Amino acid sequence: MKDNIVLIGLPGAGKSTLGVVLAKIANFRFLDCDLLIQQQKGKTLQTLIDELGAPGFLGVENEVLADIVAKRTIISTGGSAVYSAEAMEHLRSIGTVVHLKVSYDEMVRRLGDLDERGVVLRDGKVADLKTLYDERMPLYERYADITLDVTDAQFRETAIELKGIMEGQGLLEMPLSPRVGEMYRHWRDEDLTFNMERQISFDMLDCNKHMKAAEALRLFGDAANADFADIAYTHQQMVEEGYYFIITRASCHLLRQPREEGRVTVRTWPHTVKGMQITRNFDVVDVNGETIMQCESFYLIIDAKAGRPIRISNFPMMEMYSIDREVHVEPRQRIKLTDDMAEVARVRPRFSDLDANGHVTNTHYPTFAYDFLPASVRDRSWSDFQIEFAAEMHLDDDVVLHMNDAEAAVNAGEWVKVVGAQEDGTTNFGCLFKFE
């Protein structure tokens with residue numbers, strides 16, 4: 001299977017820079033052929049050219065490139081790789097060849113000092129850039145499966161465009177979900193809305209074949225994480241840089257139940273970016289394009305060293321963007337203990353409730369609440385669900401669950417409310433449910 005991406009183009013086209021970005025957002029390995037040659041021969045490219053001459057260097061380049069064995073790798077070639085027919089045929093056999101095209105004037109502007117770059121022509125001349133341009137362009141066109149004009153493009157935008165092209169052709173299909181087989185593909189619309197196609201597995205539904213509130217929350221969380229990893233950084237990379245996201249509240253609206261083992265597409269986008277808060281929206285559609293579920297969630301970026309949220313404008317890893325498209329969910333409400341609520345249970349988190357951050361996974365909170373609803377209520381399908389996270393729960397915390405009269409609330413078409421709080425008055429979370 002041709003599961004590599006091979007970048008070709010003139011010196012200065014950005015093959016190495018764009019290749020690194022593309023490898024990051026596609027979760028591929030990255031291989032720089034110029035560095036590979038230097039590592040294998042123990043000398044810089046310019047030293048090899050000086051010692052062997054242009055024909056000798058091209059022979060070395062052909063030898064090294066023709067022996068490359070790679071899988072799921074972005075391969076950045078040197079600009080002269082197209083002189084080596086054997087190497088190019090080998091690279092075409094293991095990958096899709098993408099020509100990063102730049103104009104002659106842009107190439108001249110970008111190249112700078114040629115003495116240290118290791119730029120060669122077939123006959124060894126290095127100074128005649130017009131000849132280099134005219135000689136190589138037909139070769140790039142001959143070997144390219146895809147051509148992208150990057151003369152005026154930004155590397156990250158070009159990488160996203162190329163990734164979208166590859167996904168459209170089925171060349172970059174890959175599972176991002178930790179549950180094998182549940183994600184089929186993902187792509188990004190022109191406005192940067194992220195789309196994640198998933199399968200609804202049987203364990204995401206309860207014994208009545210109703211979508212679990214916890215699994216809906218997990219579905220949205222997976223999409224948000226995949227979106228940010230696709231365009232910027234993974235959770236691990238964020239942590240290494242000293243930052244992480246936390247969800248503070250969410251409001252979900254279920255229009256109808258998803259079908260077990262059916263495919264859905266989760267669409268997500270940042271809706272507002274203001275102060276310290278990011279509002280992210282979600283839309284879940286079935287195979288017919290009909291909306292079955294929507295969600296609005298609220299996030300903060302935490303500076304791990306300082307232990308507090310930062311203003312979004314101060315986030316150094318990327319500039320956040322927003323898309324002005326609403327979803328239809330119930331207005332967000334504050335969820336607090338009130339006089340009409342009574343203690344219904346006590347919950348003590350177990351080891352299996354914890355995640356890699358050392359506290360209870362946020363998708364477990366609605367499960368704590370749902371488990372103690374009256375049977376006559378939990379057997380019904382929820383239509384709306386809200387959750388508010390107030391304080392982290394840790395191993396062996398003793399949390400008291402308080403609930404209003406659930407059956408009366410359902411009969412009146414009002415919210416069923418569950419709040420988890422500790423004896424000292426610290427509120428950990430609150431949940432609201434409406435039922436059909």
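Is E197 buried or exposed, and what is its relative accessible area? E197 is buried, with a relative accessible area of 12%; here buried means under 20% relative accessible area, exposed means over 50%, and partly exposed is in between, with a 1.4 Å probe and protein chains only.

Before going further, please keep in mind that this is a predicted model, in which local features need pLDDT of at least 70 and side-chain atom pairs count only at pLDDT 80 or more, while totals for chains, interfaces and linings use all residues. Residues are numbered from 1 along each chain as its sequence is written, and side-chain values use heavy atoms, with hydrogens and water left out.

## Salt bridges

The structure holds 21 salt bridges, each being a side-chain nitrogen of Lys or Arg within 4 Å of a carboxyl oxygen of Asp or Glu.

| D227 | R188 | 3.0 Å |

Take the pair of D227 and R188, whose side chains meet in a salt bridge. D227 lies in helix α8 (residues 213–231) and R188 in strand β6 (residues 183–188), so this pair ties together parts that are 39 residues apart in sequence. Helices (H or I, at least four residues) and strands (E, at least two) are DSSP runs, numbered from the N terminus. Both D227 and R188 are buried.

Because E197 is in strand β7 (residues 194–199) and R263 in strand β9 (residues 263–274), the pair ties together parts that are 66 residues apart in sequence. R263 is partly exposed, at 38% relative accessibility.

D398 sits in the loop between β14 (382–389) and β15 (399–403), and R346 in strand β13 (residues 342–347), so parts 52 residues apart in sequence are tied together. Both partners are partly exposed: D398 has a relative accessible area of 28%, and R346 is at 40%. Salt bridges with shared partners join E343, R346, D398 and E423 into one network.

T265 is found in strand β9 and counts as buried at 10% relative accessibility. Leaving aside residues up to four places away in sequence, T265 touches W187, N195, M196, E197, D283, V284 and V285, where contact means heavy atoms within 4.5 Å.

Helix α8 is largely enclosed by the rest of the structure, because 15 of its 19 residues are buried. At 1.5 Å a residue, α8 should span 27 Å, and its end C-alpha atoms are 28 Å apart, which agrees; the expected span is 1.5 Å times one less than the number of residues.

## The parallel sheet

Five strands form an open sheet in the order β2-β3-β1-β4-β5, with parallel pairing. Two strands pair if DSSP finds at least two bridges between them. β2 (29–32) and β5 (146–149) stand at the edges with a single partner strand each, so one side of each is left without a neighbour in the sheet. On average, neighbouring strands of this sheet are turned by 20° against each other, direction ignored.

Within this sheet, β1 (residues 4–8) and β3 (residues 73–76) pair over three bridges, and V6 stands opposite I75 in β3. Helix α1 (residues 15–26) lies across β1, β2, β3 and β4 (95–101), at about 165° to β2. Helix α6 (residues 129–143) lies across β1 and β4, at about 145° to β4. Axes are lines fitted to C-alpha atoms, for helices over the stretch in contact, and angles run from 0 to 180 degrees between N-to-C directions.

## Strand β11 and its partners

Strand β11 (residues 291–303) is mostly covered, with 12 of its 13 residues buried. Strand β8 (residues 243–254) runs antiparallel to β11 and is joined to it by 11 bridges; I247 has Y299 as its bridge partner in β11. Strand β10 (residues 277–285) also pairs with β11 in the antiparallel sense, over eight bridges, and R280 has S297 as its partner in β11. β10 and β11 form a hairpin with five residues between them, and G289 in the turn has a positive phi of about 80°.

## Cysteines

The structure holds zero disulfides, a disulfide being a pair of cysteine sulfur atoms within 2.5 Å. The sulfur of C207 is 19 Å from the closest cysteine sulfur, in C431, too far for a bond. C207 is exposed, with a relative accessible area of 75%, whereas C33 is buried at 1%.
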